Amino acid sequence: MSLVNQLPEWKALEAHWEQMASVHMRDLFARDPGRAERYSQSVAGLYVDYSKNLITDETLQLLTRLAEATQLPRWIQRMYQGEHINNTEDRAVLHIALRNRSNRPIYVDGEDVMPGINAELEKIENFVTEVRSGSWRGFTGHSIRDVVHIGIGGSNLGPLMVCEALRHYQSEDLRVHFVSNVDGTHLRETLRTLNPEQTLFVVASKTFTTQETMTNANSARAWLLAALGEEIAVRDHFVAVSTHEERVRAFGIDTKHMFRFWDWVGGRYSLWSAIGLPIALAVGMDRFRQLLEGAHAMDEHFRTADLQSNLPVRLGLLGIWYRNFAGAPTQAVLPYDQYLRYLPAYLQQADMESNGKYVSRTGERLTYDTGPVVWGAPGTDGQHAFFQLIHQGTQLIPADFIAAINSLHPLSDHQEKLLANCFAQTEALMKGRTPEEARADMENWDLSEAQRELLVAHRSFPGNRPTNTILMERLTPRTLGALLALYEHRIFVQGVIWGINSFDQWGVELGKELAGVLLEEIAQGKATEEHDASTRALLDYYLKHRT
């Protein structure tokens, strides 16, 4: 397999960037009055304006040719057909099947997976109905007041992000909490105000061996039994999302209350499966299905649209344009909605665990950059924190601005000010301010000429900073589902172009293995294995000073 940067289509884009690097978006807008209309698109309840990018029609044509040269349409088809495109783990990649609301048959190794998915959804619905109606009773006969979800990584970030995003749709009668960090503070602070008699735990671990998750689960179990006294109480206060029935049973959970998912569901793509159980508990099954419907609408667009009109493809290719040809090392995600405050963290995992790879699918060392560092925070907080770097820093930082047109909490003119700031930032990043404009702006200021020229330098902005703006009428389960699917497919597109497997994560394994060795040494109170000098010194210092 030849690497993508050896293709003539890649070379053509390198030459094109040399031309575009000296072009300013101000001029592109001035020459093309219809630019905003041509470079925007509405799909699945989302309106996406990508006109504030350093691109022309030629740029998009060249990027599309690169997608064709890397056989992107065939890779999309292969995913939807259930082929084992996760080649290092020999698995299909079918999170799209979990939200296949058309119920169209999707096959893996000759078997239609939809009956199994539908059966699990029905099981989830029955359980959610029991808990939310109050008919599920704890060991002492009380209904459930609090749900504590215990997981980590994809088993935590997805449900946590969605539950926070959809907090408006939750009832105060059932509160959902999340524990992921093995730091005992996380569990202790979560349980501090809860009543064991009215608390239900959801333990999410595919193998039921994940160190952090099972440590927290066992401590939660001890907390419950200290209050309720009898081992049998576990059955009424714990359920599992897992694939390992024997370990679930040994923990004390009735396997009737074990919810399953499949090996073709990756952790960071799993919120659509039984891993999303806390979402369904929080907002109800109808709204959980609406979340699936929104994602399915985007899935169908991704599956059927041609490359030129395919929104995830277009955004993915723009990411390639900036990462590989403009040399942008990071990507900012800036939601102008407080409910989406966990979205940047969620996308950090989705993108960086997927595309943070330095070898190709066939094991070749890559000679070009892959996944960017993804980061961000809600506006307008970010404006008063790190936007200075985006506007006037020395790095090019492409940014996605995400907002709902209508607030779920109309309050005075808050939403108008929020959206005004959102639009103003994208305009300022695109236009910048020339020295002449800065000088004219200070024309009536009482300044010496030296002071004026000093401030001209500081108050000039280069502009030409690329942004995408994603708008929805309001934040609903359906529009959230579409938004998340848009990013999932964008990540996949970039992985295909780079020639990497976006669906494994071998890079996290070594740290886990070494942690196991060190944990044994800590238990023994001395180092027994070979370590580098720094690790050995840290271990010795810890053992000497722990109480």
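How many helices and strands does the protein chain have? In this predicted model, the count is 23 helices and 13 strands.

Starting with the overall picture, the C-alpha trace spans about 80 × 60 × 60 Å along its principal axes. The radius of gyration is 26 Å, which agrees with the value near 24 Å that a compact globule of 547 residues would have. Of those 547 residues, 53% count as buried. As for contacts, if one takes those with a separation of 6 or more, 74% come from residues 24 or more positions apart. The accessible surface of the protein chain comes to about 24,200 Å², and carbon and sulfur atoms hold 49% of that.

Strand 1 (residues 40-43) and strand 2 (residues 46-49) tell another story: they run antiparallel and are joined by 4 bridges. Here serine 40 stands opposite aspartate 49 of strand 2. The two strands form a hairpin with 2 residues between them, and alanine 44 takes a positive phi near 55° there.

Positive phi turns up again after helix 22, where glycine 525 follows with a value near 80°. Helix 22 itself covers residues 509-524, 16 residues in total. From its first C-alpha to its last, helix 22 reaches 24 Å, close to the 22 Å expected at 1.5 Å a residue. As a reminder on geometry, an α-helix has 3.6 residues a turn, so residues three or four places apart point the same way.

Two loop residues are worth a look. Threonine 70 lies in the loop between helix 4 (57-69) and helix 5 (72-80). Despite the loop setting, threonine 70 is buried, because its relative accessible area of 12% falls under the 20% cut-off. Leaving aside residues up to four places away in sequence, threonine 70 touches Val4, Leu7, Trp75, Val496 and Ile497.

Aspartate 337 also sits in a loop, this one between strand 10 (330-336) and helix 16 (343-355). Is aspartate 337 buried or exposed? With a relative accessible area of 12%, aspartate 337 is buried. Again leaving out residues up to four places away in sequence, aspartate 337 touches Ile402, Ala404 and Leu475. Its C-alpha and that of glycine 379 are 7.2 Å apart, although 42 residues separate the pair along the chain.

Finally, the cysteines. The number of disulfides comes to 0, the criterion being a pair of cysteine sulfur atoms within 2.5 Å. Cysteine 163 is buried, with a relative accessible area of 4%. Cysteine 422 counts as buried too, at 0% relative accessibility.

Definitions and conventions
Residues numbered from 1 in each chain as written. Predicted model: local features only at pLDDT ≥ 70, side-chain atom pairs only at ≥ 80, totals over all residues. Heavy atoms only, no water. Buried < 20%, exposed > 50% of the residue type's maximum accessible area, 1.4 Å probe, protein only. Expected span 1.5 Å × (residues − 1). Contact = heavy atoms within 4.5 Å. Rg over C-alpha atoms; globule rule 2.2 N^0.38 Å. Areas by Shrake-Rupley, 256 points an atom, 1.4 Å probe, with all protein chains shown as cover. Pairing = 2+ DSSP bridges.
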